[in-house]
Number of protein chains: 2
Amino acid sequence: MSKKRIYKPKPISGFPEWLPEERRAEQAWFDHIRSTFESYGFCSIETPSVEELDTINAKGGDGESDADKEIYVLERLHKQEGDKEARLALHFDQTVPLARYTAQHFNELVFPFKRYQIQRVWRGERPQAGRFREFYQCDIDVINVDKLPLHFDAEMPAVIWETLSSLPGMSEKFQIRISNRKILIGFLESLGINNQHDIIHITRNVDKIEKQGQKELEVTLIAVVKSALNIDNAEEALPIVKLILELAQTKASPSEISGLLRDFITRNDVIARSGSDAAIHSTLQEGIEELSFVMDQLSHLPEGAVVADLAIVRGLDYYTGTVYETMFVDDPSYGSICSGGRYDDLAGHYINKHLPGVGISIGFSRLFERIRKNGTLPVKGISPADVMVVLPSEEQRPLMMETAQSLRANGNKVETFHSPTKIDKQIKYALKKGIPYVWFPDLGEVKNMETREQVSATPKEWKPNEN
Amino acid sequence: MSKKRIYKPKPISGFPEWLPEERRAEQAWFDHIRSTFESYGFCSIETPSVEELDTINAKGGDGESDADKEIYVLERLHKQEGDKEARLALHFDQTVPLARYTAQHFNELVFPFKRYQIQRVWRGERPQAGRFREFYQCDIDVINVDKLPLHFDAEMPAVIWETLSSLPGMSEKFQIRISNRKILIGFLESLGINNQHDIIHITRNVDKIEKQGQKELEVTLIAVVKSALNIDNAEEALPIVKLILELAQTKASPSEISGLLRDFITRNDVIARSGSDAAIHSTLQEGIEELSFVMDQLSHLPEGAVVADLAIVRGLDYYTGTVYETMFVDDPSYGSICSGGRYDDLAGHYINKHLPGVGISIGFSRLFERIRKNGTLPVKGISPADVMVVLPSEEQRPLMMETAQSLRANGNKVETFHSPTKIDKQIKYALKKGIPYVWFPDLGEVKNMETREQVSATPKEWKPNEN
């Protein structure tokens, strides 16, 4: 035989994979998240990894947006002559798939449709710390026909708080920041800033409030306000910009937010500018009421769990009311680990139904990678086995097998040793794999590898000590 | 606003997705499979969805094999100027990823490395009944350095039997067919058929024994045997072909196979043809011993669970010993739902180590689709909730929330009703979602929706009846 050429494989940038012990921690996280989501009655769905490119484009993609640049499309390595197939793209989020799924199966679903979805998504962006090209998202959304009660807007952060705060090994304080887009947008409109383009320009800048310097932001906003309101000089625009920034920088606990906002409105007569335009008043008013209601419903959460933060507006323009972001308290610069919001019209591109919804998405891989690097994930063995049954001699293989089967029948996870080598070597294997108990079938005894205690036991009845 | 154009989404051929109630059954299957795999000490790994094309090609792909035609490669929809990235392909099985993973993390793994892997794989083949383009495989493999005891070859079908036979809703009898490639190949060599090309030609035809007519197969084999052994006429080749077919058509229970094979060898003096070539004798001999050993270890399984079937050779040429296929007893034409075998050299293309292994792979989606169509999957509700708490009136929302939280704290899955509409409507929602209990927080009572029994209960203590 000729000598083989060896191709030494290396990690693919942006496509993480874990060693078995890390994978165990990841599985424990998924189990915990799934179980918490289900404890609130969310059902699981899973969509294909791909959507038709036509489906994605129907959602308003113009082929040149930021998201589009990140999309991976599939090509057959060796395309057959005459293949005429729809172009398929790996999904880059779980919202497009949810919208498509809800429209496609509309008649078979029960509304309000409460679903969770834990899948990989793909984005071809340049990998960097905590940013992957293939990563998991864990989403919950509630969709209803025509109207969706505001209570669901309050359920989302409650579920997320419960989920994240009890993740095994979670070693960082985090806070869910909540706002309602109607407030800032309604306020801008009440100032007379009605142009969609100007509003987007301002909200996108406000959204980056923590990353930009105050001065720099002021300069940008002054320019927008001048042009939006036909103001000639910066001095006249400045007080308006300051008002916008004051509002955007409002942060308050659930019990304080309502009072603060009402006070802000009363203190400033800016609303008067828009005169008798009741519709504009009502947007701002609605936003304040909705946010106050949501925060009020969350007052049972521990102090600091949630905060009203008017700077949160979310870049994505399909959000129409409540919006959420979740930051590490000690390192907000890591970015949001869990975001979402309320949208008025989930699937209008795919079905002639009005389907409002509210949802939130955990950036699982970003979060897991962070906690993994912190070194606080619970350390368990490589092997999931509770116990390893040794093989004292080849003659005792039937006894070993029988012991293992009895232990399994009693609900234990069991590894067996495969060859009758020295017992020391067998025990070493159990230690290396982190198996907490070793069973000696010839002695009818089991040894706790941590305490080194060895006791008589019956396979049919034995269970490991939970600690 | 302008009227929106609606793009009505449709299913993508070969990329299945399920309704929530079907998805619940699928999750139950995954849970069951995972738990059985872990009960034998297999640890979980997950690899990225992609491998570098170079990694796949290193494995001997010549760009024109059957598998290559099925490979999907990724392209960025809008490739950036100057992007120079390795070409990535979605994996088409879990064996290439396992080989790459084992080589890449060799120094961090503990051997024997027993891993399971439950992931999607992708193949661009034409979709047909039970053949998808995106589907799940559930694999177990054991890899060791230099030598891997034969006991693991027997553990594989034992695990698979336990896994498949107790899947919820499994409505078809199946049988694991086992052979050892050394027997047929050793026998051919003992007949003087030593050419690799001839051997592959014969084994691939024997592999299709059930799909081809006996006569047709005879004609094909006569041609090969004539050319391989330099025989001029068909009459002389026929008895040899008949011997090959007799051997290939040998089927026997675990207790019978050893005797049958020894008898076959004794009855036929064909071995003598190869004269004193002990190496050839030994391949055949080894095969018989290995298969006898494996079958012997499986004698504790129920009658008919496994069968020795010498026609099983597996098309894939990397198998070197034991091979497995699993067929529906009443419909073998559906093809194998679970296959695998022993390989001598898992990762020789990626690392200069000798890594023998044995593994088996459940074609999950094929199997699930079959049982789903049979209509025997356990029917559970759309919602995972055990109980729904009604909302008698808006004033009672705090009581409802508190009740729900107490029920959750006690380990229950709880849905709440969102608005204080008529109780009838609320109950109807619970029925539609298949939630088995409804809780009336104002009455402190819970109703079993099946038996219609309604009793007093305390949220902190209540658990649903398991039935």
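Tutor: In this predicted model, two residues are in contact if their C-beta atoms, placed from the backbone, lie within 7 Å.

Student: With that cut-off, how many residues of chain B are in contact with chain A?
Tutor: The contacts link residues of chain B to 72 residues of chain A. By class, the chain B side has 31 nonpolar, 18 polar and 23 charged residues. The number of chain B residues in contact is 72.

Student: Which helix of chain B gives the most to the side that touches chain A?
Tutor: The helix in question contributes six residues to that side. It spans residues 20-39 of chain B and is helix α1.

Student: Why can one say that the copies meet through the same surface?
Tutor: The interface residues of chain B can be checked against those in chain A. The copies meet through the same surface because the share of chain B interface residues that are also interface residues in chain A is 99%.

Student: What kind of axis relates the two copies?
Tutor: Chain B can be laid on chain A by a turn of 180° and a shift of 0.0 Å along the axis, with an RMSD of 0.0 Å. The copies are therefore related as by a two-fold rotation axis.

Student: Which residue of chain B comes closest to the rotation axis?
Tutor: Strand β3 (residues 72-76) of chain A pairs with strand β3 (residues 72-76) of chain B in the antiparallel sense, over five bridges. In this pairing A:Leu74 stands opposite B:Leu74. The C-alpha that comes closest to the axis, at 2.5 Å, is that of B:Leu74.

Technical notes: Residues numbered from 1 in each chain as written. Chains lettered and ligands numbered in written order. Predicted model: local features only at pLDDT ≥ 70, side-chain atom pairs only at ≥ 80, totals over all residues. Least-squares fit on C-alpha atoms with pLDDT ≥ 70 in both. Helix = DSSP H or I, 4+ residues; strand = E, 2+ residues; numbered from the N terminus. Nonpolar A, V, L, I, M, F, W, Y, C, P; charged D, E, K, R; others polar. Pairing = 2+ DSSP bridges.
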